[in-house]
Amino acid sequence: MRDIEVQTANGRTVEDIVAAVELDGLTRNYGERAALDDVTLKLDAAQTLVVFGPNGAGKTTLLRVLATLLRPHAGKVTVLGAEFPDDAWQVRGRIGLLGHDPLLYRELTARENLRYHARLHDIDDELVERQLAAVSMTSRAEEPVRTLSRGMVQRVAVARATLHDPELLLLDEPYANLDPAAIELVEPLIGPSSGCTRVLSSHDPGRGLAESDLVLGLRAGRVALLADATGVSTNAVAELYR
Amino acid sequence: MRRPSLRVLSIATIAAFCVSLSLVFFYAPIEAEEGFLQKIFYLHVPLAIVTLCGFVIGGLCAIAHLRTRDQRWDLRSYVAIHMSLIFGVAVLITGSIWARGSWGHWWVWSEPTLVSFLIIMLLYATYQPLRFAIEDPERQARYASVFAITAGAFVPMNFLAVRLSASYLHPRVLGSSSNLPAPMALTFLVSLAAVALLFATLCTYELAAKRTRILLKARSRILGYQS
Amino acid sequence: MSAPGKTSPHAAMSQDVHARPGRSAHAPTGTAKVVRALLRKELLVELRTLESIPGMSLFAVTTFVVFHFALNQDTVSGQEAAGILWVTLLFAAMLGVNRLFVADADQGGFDGFLLAPVDRTALLIAKAIALLAYLLVLELIAVPAFGLLLLGPPLGQALPGLLAPLALGDIGVAAIGTLVAALAVRTRARDLLGPLLALPLLVPIVIGCARASAPLFYATRVGGDGNPPLRWLGTLALYDLVFGLIAYAVFDFLLED
């Protein structure tokens with residue numbers, strides 16, 4: 001299905017024109033409580049959606065649903081053309097998740113961890129080396145992850161999340177634990193210039209608004225704010241947390 | 001109404017028990033070897049059969065739950081297993097009484113059915129601790145279904161293994177339930193029907209109670225009360 | 001895929017990832033490859049942490065010593081010997097079962113695996129093979145220790161016949177142990193529930209193995225040709241098959257959310 005890629009005049013492919021993420025009434029329950037309640041939005045390819053909201057609002061749940069880790073309980077979820085949950089398996093290899101957990105085995109080295117993920121995605125080992133270089137971790141690649149500082153672990157996690165060159169990036173507060181130099185380092189991989197479609201959860205209104213095209217504000221699982229980033233001020237975001 | 005009416009079931013159960021008990025005490029002949037105590041056979045074996053069927057039904061409902069994701073199947077599976085656990089305890093108690101009466105010991109290893117039952121009960125006794133150890137209700141139901149399917153498949157295999165291991169030098173304490181003379185066979189079948197009806201009635205009661213509680217919770221949530 | 005006017009490391013990489021001949025870039029990774037990758041990771045972690053194998057082996061040897069004192073006997077033979085050996089191996093196996101998924105549950109390994117384009121049953125296969133490997137190492141230590149510390153008749157005489165029950169028993173414990181471990185690991189009382197679930201399910205295996213190996217542990221041949229009775233091996237094989245298939249069928253439901 002994806003073997004032939006038709007290029008349009010300005011270099012975008014047919015798949016780019018289809019919305020990357022389309023949610024229609026997405027609901028996910030936790031027992032009797034709704035973790036996500038009737039969330040509807042549309043995100044185009046190569047655009048960034050930033051999600052704001054207090055703790056427990058459903059930001060992480062939303063990211064995990066998009067990552068195929070959680071099934072939607074109601075509503076329609078279409079990601080990269082595949083409808084969840086039935087076709088989720090088709091697009092797993094095209095999605096990268098960077099959550100609170102780095103998903104690295106502490107006793108293995110950075111290189112071993114990345115190689116393990118590379119093999120799961122059927123990717124050559126040499127790409128592992130390039131990823132390590134991209135996050136400047138080549139010199140520490142042979143040490144067990146448990147000896148690395150939080151910032152370094154986060155960098156290796158970024159390398160892991162982008163190893164398979166995903167089209168959709170799901171980032172849960174990715175800049176936590178990173179100093180400004182490290183943030184600059186990972187920007188080409190997970191930032192706006194990566195060219196990927198991104199869904200990003202953030203507690204930093206200034207930075208979040210600057211990086212995004214679409215803004216979603218969640219409160220108790222419901223959509224409290226959904227607008228183009230240009231029309232949203234940091235005050236409006238702060239309102240969500242009251 | 002598709003669901004069996006509680007009233008009809010209750011009346012049928014009471015009626016069946018009346019008939020069954022009359023048959024047991026006034027109709028069935030007293031067994032030559034074991035005497036009056038043998039009559040517990042009419043309670044013990046039907047209880048055992050119904051319990052085992054209950055566990056298997058629990059497994060089948062669990063399969064339906066995993067395939068359809070409908071929580072109602074999980075409820076049915078839970079009630080079936082829960083009820084079978086209670087009936088299973090009764091099986092062990094009546095079996096023990098019978099063993100004591102016939103063989104002089106409260107427990108005998110040479111009766112394969114009883115031994116199989118003990119193992120199965122030990123397994124299913126972990127069902128509720130397993131459920132309560134998982135907080136997420138959806139995952140709890142899913143894991144419980146996996147357990148119910150595995151344990152349901154275990155029931156027949158366990159019987160096979162234990163029966164194979166039984167020593168054939170020992171005469172079976174509780175006797176074979178095949179080759180029964182006609183009066184005993186009739187009494188047995190009626191007793192079986194009565195116990196099966198009892199199981200169905202109690203399950204229906206418990207299902208109705210649980211469904212009502214769920215409805216009540218949903219309504220009170222809509223009205224804004226704390227549940 | 002890169003924004004116009006700016007090259008990212010990914011631009012170069014995307015050409016490579018998508019330009020592999022004869023493979024759609026996003027087809028699921030072949031199961032054999034996944035199992036190999038999982039096994040490699042599993043054995044690496046075990047070699048670094050040594051959480052399972054030394055514990056299981058030490059437990060078995062210590063248990064034999066305890067049995068000596070509990071029974072107040074220098075040697076055991078026959079059914080008694082078979083019973084002691086299999087019960088000890090079983091309880092030592094429980095230690096391994098308890099640890100099987102702990103590293104994954106605690107270090108986010110499930111998510112990492114679930115995000116990959118793979119058939120999830122590969123995890124069952126890989127973990128069962130790993131558990132099987134741990135059991136084999138356990139037996140390499142425990143069976144000779146048993147022969148040394150407790151067994152009356154010479155072990156060498158019993159050993160050839162012992163291989164079949166050991167193999168079939170190991171497969172059964174591996175299949176059921178992996179399923180139960182996956183079931184128990186994400187619950188609150190994981191260390192308790194694992195053995196409580198596994199032991200009743202493994203009783204038929206204990207029956208089969210203990211009865212199959214009892215005739216081997218006599219000083220003089222009690223009868224038969226020194227091979228374990230086929231009936232028990234048949235039961236073990238059937239049990240392994242049935243529960244292997246069930247584990248295969250239900251495992252996916254334990255992983256997804």
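At roughly what angle do the axes of helix α3 of chain C and helix α4 of chain C cross? Select residues 53-71 and 78-99 of chain C: the two axes come within 9 Å and cross at roughly 145 degrees. Axes are lines fitted to C-alpha atoms, for helices over the stretch in contact, and angles run from 0 to 180 degrees between N-to-C directions. Helices (H or I, at least four residues) and strands (E, at least two) are DSSP runs, numbered from the N terminus.

This is a predicted model: local features need pLDDT of at least 70, side-chain atom pairs count only at pLDDT 80 or more, and totals for chains, interfaces and linings use all residues. Residues are numbered from 1 along each chain as its sequence is written, while chains are lettered from A and ligands numbered from 1 in the order in which they are written.

Now show the residues of the contact. On the α3(C) side, pick among others Phe59(C), Phe64(C) and Phe67(C). On the α4(C) side, the list includes Ile84(C), Phe91(C) and Leu95(C). Contact is defined by C-beta atoms, placed from the backbone, within 7 Å. The residues of this contact divide into 10 nonpolar, 4 polar and no charged. Gly counts as polar; Ala, Val, Leu, Ile, Met, Phe, Trp, Tyr, Cys and Pro are nonpolar; Asp, Glu, Lys and Arg are charged.

Next, color chain C by pLDDT (the predictor's confidence in each residue, from 0 to 100). The average is 86, and 86% of the residues score at least 70. Over residues 1-24 of chain C, pLDDT is below 50.

Move to chain B. Chain B has 7 helices and 0 strands.

Definitions and conventions:
Two residues are in contact if their C-beta atoms, placed from the backbone, lie within 7 Å.
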